[in-house]
Amino acid sequence: MSGAHASLREVTRSFATEKGSVLHALGPISFDLQAGEFFSVVGPSGCGKSTLLEIISGLSPASTGSALFEGRPVGSDVPEGVGVVFQEDASFPWLSVRENIGFGLQQQGVRSAEIRRRVDDALRLVGLWDFAEAYPVQLSGGMRQRVCIARTLVLQPRLILLDEPFGALDQQTRLLMGDEVLTLWRATGATVMLITHSLDEAALLSDRVGVMSARPGRFLEIVETGWPRERDSRLATGARFGEISSHLWGLLRGESMKAMRSQAVAA
Amino acid sequence: MRKATLIRVALLALLAVAAELACRTGLIGRFTMIPPSLMVTGLVRLLAQGELDGEITTTLLGVATAAGAAILVGFGLGAGLHAMPRLRRCLDPVLATYYAIPIYVLYPMFLVLFGMNRTPIVFIGFMFAVVGMMTSTLNGLDRVPPVLIKTARVLRLSRVRRTLKIVLPCAAPYVFGGVKLAIAYAFVGVLGAEFILSGNGLGYQIALAFNNFDNKTMYALILFVVLVVASVNSLFFAWEHRLLRRRER
Ligand SMILES: Nc1ncnc2c1ncn2[C@@H]1O[C@H](COP(=O)(O)OP(=O)(O)OP(=O)(O)O)[C@@H](O)[C@H]1O
Ligand SMILES: [Mg+2]
């Protein structure tokens, strides 16, 4: 696969604040997500990463500029073929883990035997096999996030947008989940955009890493990692990984300090 | 849970025994209160005679009508108002002070509006119940996390499906709380109105017995009302518990 899968053209996003002023949250940003690539986004807190994701997915409109998915403009609906895992816990507390994961398939009218098979696979993939009949209250935050990941993956989206999906996981599980996402990415050929706070994670998983400035977020640089498609977390022991990681940190250090200062002023 | 039930029953039994003793030994005079055992036998006799069957039916039907209407209308109004934030902001103070109005004083107006029949009484029960249901519905809808609505949009659900499959299940505990509230308020409204204002129903019969110094009938009827309300409530409690058991935090 090649060519742009999703694109932003001169996109900005502003919010009206309660005081009546305008908060310029994002952009202008122009960039392409290449079909089949693994793209990560890193940037200081509050720089507009989630806003970027919402514009690409059609959940939230751009103030100016336009978004395209598979060549068509993204309107006010989320296009078919886009899957999103949110930063917040989005599991349904009234459904069991199995029902949560099968929810989307059921809404699409997939046969129940087929749902069962695919949900079983997803349960094994995210390591929740023993919790299939449990309810979200009985799970930890990280396990709930895995439910949401599985719920998105069973639908086999062509573009997967992940907003800090591993935030609630410990470092070891994070690495393993990262490997699983890589395996899936390779197997399905989907395009992945991952928002993360972890520079190491971005350096390890991605083909390219977009480094964002403090608000209003823009790409300071898009870093190519040059990893082969066949890769896993063992890359973390190599010298190249250290280089990328420290390059990312070099770009971000100043921006993070700016973001922290502006938050201190706002507070 | 089991143990708590046991303790509760034991406490109630203890109170009953204490009251029985106090009444039998004359610590509490006969004109103040009759012994609980006599209340029970009095109630059994009343029910066996079937004298008050009509009144019981009248009252329970009234409560059921008031509660049913309040649940439907309250839910509808709550959902509607939730969809209209501007109007809601205007009405919020009204809703907040609603229960400060002694609704019984509006009875004369309802009489003029609906005529000399059961309708004004049932309407008072409805007025008591409907706003509780409405605010519970609003409260429940407010607590649906935005991320679940976003999830519904990513899954490309229609508005109707989103409401049925995500919004309602999510708001269910609060809506259910509203249903319980509506039933309790309907009892209070209807029985209170009967007691103070009307010429029929259980509330009226209690007032009548009171005025005639007929303690036996009065206490039997009071016991009856308490038993009915308690059983309806525990029925709902059990149902709610079964529905929500799995998601309780
Ligand atoms: N609906 C909204 N209304 C007003 N302001 C908003 C809204 N959504 C986001 N913002 C503002 O836009 C800016 C960017 O928010 P966004 O959530 O995209 O940041 P982020 O990079 O995802 O942050 P984090 O890393 O903490 O998740 C923030 O200053 C935020 O306060
Ligand atoms: Mg965010």
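User: Is Glu54(A) buried or exposed in this model?
Analyst: Good place to start, and keep in mind that the model is predicted. Buried means under 20% relative accessible area. Glu54(A) has a relative accessible area of 16%, so by that cut-off Glu54(A) is buried.

User: Which residue does the side chain of Glu54(A) meet in a salt bridge?
Analyst: The cut-off for a salt bridge is a side-chain nitrogen of Lys or Arg within 4 Å of a carboxyl oxygen of Asp or Glu. For Glu54(A), the N to O distance in the pair is 2.6 Å. The partner is Lys150(B).

User: Where do Glu54(A) and Lys150(B) lie, and what does the pair join?
Analyst: A search of the whole structure finds 21 salt bridges over all chains. In this one, Glu54(A) sits in helix H1 of chain A, while Lys150(B) belongs to helix H7 (residues 146–154) of chain B. Because the partners come from chain A and chain B, the pair joins two chains.

User: How many salt bridges are counted between chain A and chain B, and how many residue pairs are in polar contact there?
Analyst: Between chain A and chain B the count is 1 salt bridge. For polar contact across the interface, both residues of a pair need pLDDT 80 or more. Under that rule the number of residue pairs is 6.

User: What is the area buried between chain A and chain B?
Analyst: The size of an interface is often given as the accessible area lost when the parts come together. Here 26 residues of chain A are in contact with 18 residues of chain B. Carbon and sulfur atoms give 63% of the buried area, and that area is about 2,100 Å².

User: Are Ser50(A) and Gln87(A) buried, partly exposed or exposed?
Analyst: Under 20% relative accessible area is buried and over 50% is exposed, with partly exposed in between. Ser50(A) has 25% and Gln87(A) has 39%. Both values fall in between, so Ser50(A) and Gln87(A) are partly exposed.

User: How many residues apart in sequence are the parts that Glu194(B) and Arg118(B) tie together?
Analyst: Glu194(B) forms a salt bridge with Arg118(B), the closest N and O atoms being 2.8 Å apart. Glu194(B) lies in helix H8 (residues 159–197) of chain B, and Arg118(B) in the loop between helix H5 (107–114) and H6. The parts tied together are 76 residues apart.

User: Is Thr137(B) buried or exposed, and where does it lie?
Analyst: Thr137(B) lies in helix H6 (residues 119–142) of chain B. Leaving out residues up to four places away in sequence, Thr137(B) touches Gly74(B), Phe75(B), Gly78(B) and Ala79(B). Its relative accessibility is 1%, so Thr137(B) counts as buried.

How values were computed. Residues are numbered from 1 along each chain as its sequence is written. Chains are lettered from A and ligands numbered from 1 in the order in which they are written. This is a predicted model: local features need pLDDT of at least 70, side-chain atom pairs count only at pLDDT 80 or more; totals for chains, interfaces and linings use all residues. Side-chain values use heavy atoms; hydrogens and water are left out. Contact means heavy atoms within 4.5 Å. Buried area is the accessible area (1.4 Å probe) that two parts lose on being put together, summed over both. A polar contact is a pair of N or O atoms within 3.5 Å; within protein, one must be able to donate a hydrogen and the other to accept it, and residues adjacent in sequence count only if both atoms are side-chain atoms. Buried means under 20% relative accessible area, exposed over 50%, partly exposed in between (1.4 Å probe, protein chains only). Helices (H or I, at least four residues) and strands (E, at least two) are DSSP runs, numbered from the N terminus.
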